[in-house]
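Welcome! Take a moment to look over the sequence and the model, and then we will walk through a few topics together.

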Amino acid sequence: MNPIKVSDQIRKSNYISRDLSWMRFNFRVLDQARNPDTSVFDRLKFLAITASNLDEFFMIRIGSLYNYIDYGKERIDYSGMREVPFRKKLLDFSHRFVTDQYQVYQELVKEFPTNGLDICQVKDLTETEQRKVDAYFKDTIFPLLTPMVYDSYHGFPLMMNQLLIFGVVTKVDEEVKPVNRLTFIQIPSNLNRFMEIQRKDKIIFVPIEDVIRENMPKLFRNVEILSVSLFRITRNGDFTLEESDDMDQDFVQEVKLKLKTRKKGRVVRLEMDKEPSPHMLKILKERWIIDQSNLFQINGLVDLRGLWQIIKHPLFKNKLMKAPSPVQAPSLPRGAEENLFEYLKEHDVLLHHPYNSIEPVVSLLEKAAEDPYVLGIKQTIYRLADNSRVTAALLKAAENGKHVSALFEVKARFDEEKNIKEGERLEKAGCFVIYGISKYKTHTKMMMIIRKEGEKVTRYVHIGSGNYNESTSRQYTDISLLTTDDVYAHDVSDFFNVITGHSYPEDYQYLITAPKDMRQQLIELIRHEAENARKGFEAGIVIKINSLEDKEVIDEFYAASQAGVKIKLIVRGICCLRPGREGLSENIQVSSIVGEYLEHARLFYFHNNGIPTVLGGSADIMVRSFERRIEALFYIVNDELKRQAINILRFNLMDNQNSYMMREDGTYVRRHPAEGEAPFNAHREFYHLTNEMTKEACLF
């Protein structure tokens, strides 16, 4: 399939490719690194994030594609492309991205000297500084390096995923004629990315690979070095687990075994410096069955994730943009947190993080661990902070004799090992630990505290869109509901029984769940708006999510648009729906907010002829959310909290500083204030929210 036909096929499809849509999201993140109104350190932060994003994209999405290619299985993308031409399209797009990425990097490097730093090679240092480098190499680096030769006597070594590796070609005199010999040296991950040298006016960061390159002759004494090439590989990190009906220790062992396969997964990307050895490159391509499309020759620092050492340096921490202190939530008056158990018996609370602190949620859990009247705690756990206060509270609760049930999702990508270790800690303390459900990933965020109060037992419930993670709660936008409402409590109790046992409740009043019927219930809500529009009633939908990919729901949006429903979608990342196409989706607009915080909240608004239906929760509109995950969305029924949730959507729609509008062809254009319109940055305006503002509930 030639490039013209591929582009034409993509353009004609009613759906946008999931993977190409994700690549465009990473372009929007890269756009933040170009923002001249922020410090060079903030821009470096976004550049480093794009590097981490791209690593995961290759490990999971490109890795998954190779699972089809390598085993001859059929895969057809939303655009209609088969797996082989789609591989070429994705890799071509990735090359374009990397070119832009390093153009941004080179521009930022120019600003280093005026910001108190520089990245230098060893040859550019003073003699005194070079002696420091030599000493550092001799004392710290040299003992850790292990050259691994590859020849007819030595097998091809296992090379680790995403480490910096040197390939060194040397000349060896054999009896008949000289031959080239290839040796690999992997740079240990526990070495700093840069050696730091303090000057009077700046810090010099010397890349670790340059330190080693300069000292390479010390590793190959009395041997002629023909070439030294730096490279980095990315392996397929996508794996699936065998499905089973039970959740015993064998499942955890299977997860541990599968994690080890990531170390040996097929190579899907090879990053190299500008002029690699042809001899070495030929061997690597043949060994890993890759071609030129998988090869990325880097014009600059290989592995931009290393920039975090600069970004987080103590001398520069004050240069990063500071977030304002959290403000009081409208539904949680100042002072109410001091006795949250009492306050929640009479009031529901909606928190909007990071503008409202996660402290009330964590503090409630910590108090529950010590409270003599608390009988038990149940909680789902997906991603935890390092030195987690949540884990500490659950351990304390178990030590205090309370019943603690924790569902650790051991398939939380790249947190599998951490969750298994934390789960084992809790088990040893006497907690009941459930390691997920083999067929499904438990993604929902729920907590329930059971407290005896006189003759009555009160259940304190938390449901949200974000993880129980104190660190990311300061960087991600999320919503949290705290309540003692009996209907929520009953639904959540039933839902925990579904997760941990074999209960199959007929229906929930305030929850809609997956994999039970979430897709169908959302479709019914969309169809209800379409029916209202056909009857001449007011109709509208506003939804804020991370990703939109499920074809069945997309088709319902198209049908509702054609019925006259105004639809506004705020989709941070992947969006497979094509907005604004004549005869298909003229009434649909899609925006994406990318800025200071990572948009993570999910909110669903249906006009419902003037009596709005509003839901929040942890689920996106994706096939995996509906079919392969344990998910829950919750109805927001309290009128005051409903207005607050609607206002969150309103502020998101008003944003003209962080927003990008999606075009019909799948590209995005940055939104700027219209003529006469004041700048509005939602990531800042939420800190100035007043109760009065939440009463303005109009979204259309």
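**Cysteines, strands and rings**

Cys 120 has a relative accessibility of 12%, so this residue counts as buried, because buried means under 20%. Keep in mind as you read that this is a predicted model.

**Cysteines**

- Cys 431 is another buried cysteine, because its relative accessibility is 7%.
- How many disulfides does the count come to? The count comes to zero disulfides.

**Strand β15 and its partners**

- Strand β15 covers residues 445–453, and eight of its nine residues are buried, so the strand is largely enclosed by the rest of the structure.
- Strand β11 (residues 374–381) and β15 run antiparallel and are joined by five bridges.
- To find a spot where these two strands meet, look for Lys 378, whose bridge partner in β15 is Met 448.
- Strand β16 (residues 456–464) also runs antiparallel to β15, with nine bridges between them.
- Here you can pick out Lys 452, which stands opposite Val 457 in β16.
- β15 and β16 form a hairpin, and two residues lie between the strands.
- Within that turn, Gly 454 has a positive phi of about 70°.

**Aromatic pairs**

- The count of aromatic pairs comes to 25.
- Why is the pair of Trp 22 and Phe 57 called stacked? The ring centres of Trp 22 and Phe 57 are 4.7 Å apart and the planes are at 5°, so the pair is stacked.
- Trp 22 belongs to helix α2 (residues 18–32) and Phe 57 to helix α3 (residues 40–70), so the pair ties together parts that are 35 residues apart in sequence.
- Are Trp 22 and Phe 57 buried or exposed? Both Trp 22 and Phe 57 are buried.
- Elsewhere you can look for one aromatic cluster formed by Tyr 355, Tyr 597, Phe 651, Phe 680, Phe 686 and Tyr 687.

**Charges over rings**

- Which ring has the charged end of Arg 451 over it? The ring is that of Phe 341, and the charged end of Arg 451 sits 4.4 Å from its centre.
- Lys 73 lies over the face of Tyr 68, at 5.2 Å from the ring centre.

Terms used:
Residues numbered from 1 in each chain as written. Predicted model: local features only at pLDDT ≥ 70, side-chain atom pairs only at ≥ 80, totals over all residues. Heavy atoms only, no water. Disulfide = S-S within 2.5 Å. Buried < 20%, exposed > 50% of the residue type's maximum accessible area, 1.4 Å probe, protein only. Helix = DSSP H or I, 4+ residues; strand = E, 2+ residues; numbered from the N terminus. Pairing = 2+ DSSP bridges. Phe/Tyr/Trp six-rings, centres within 6.5 Å; stacked < 30°, edge-to-face > 60°. Lys NZ or Arg CZ within 6 Å of the ring centre and 35° of its normal.
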